[in-house]
Amino acid sequence: QPAWAVQLALAAEPGAAGLTLLPYFEGERTPNLPDATAALTGMTLASTTRENLARAAVEGMLSGLGAGLDALRALDVPLRRAVLIGGGAQSEAVREIAPAVFGMPVEVPSPGEYVALGAARQAASVLD
């Protein structure tokens, strides 16, 4: 994210004054919703500010990840922390907002091949 977008997102209050973005601009892979569309709701003259739009974009993206965490919680998987990797993790706004959305501490490791490492760990687990 450009620095101005980060500043805008962090300037808005949590919840973006009720502005909510469902960021399915090109469908969604997980869950498999290829025909899903994006939606921006909660728009009023007061809520539709640049700051709230930026905050809603970050919170919307993180809420999709949070839904995955909620699915794990529903299966009684113990969760102590979330680890953010990839391009989004490089955004200061994402790093600062994520703990509130996830309801847990968030870590951002140094860049690495974490997807490949995760796949290798999953493959190795079936060999044991």
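Asn52 lies in helix H2; helices (H or I, at least four residues) and strands (E, at least two) are DSSP runs, numbered from the N terminus. This is a predicted model, in which local features need pLDDT of at least 70 and side-chain atom pairs count only at pLDDT 80 or more, while totals for chains, interfaces and linings use all residues. Residues are numbered from 1 along each chain as its sequence is written, and side-chain values use heavy atoms, with hydrogens and water left out.

The two residues below are classed by relative accessible area: buried is under 20%, exposed over 50%, partly exposed in between (1.4 Å probe, protein chains only).

| Residue | Relative accessibility | Class |
|---|---|---|
| Asn52 | 8% | buried |
| Leu40 | 33% | partly exposed |

Leaving aside residues up to four places away in sequence, Asn52 touches Ala12, Ala16, Ala17, Leu19, Ala46 and Ser47, where contact means heavy atoms within 4.5 Å.

Other buried residues of H2 include Ala54, Arg55, Val58 and Leu69. Among the elements that cover the buried residues of H2 are helix H1 (3-11), strand E1 (20-22) and helix H3 (92-102).

H2 has a kink of about 25 degrees centred on Gly64; the bend at a residue is the angle between axes fitted to the seven residues ending there and the seven starting there. After H2 comes Asp76, with a positive phi near 60 degrees.

Leu40 is placed in strand E2 (residues 39-41).
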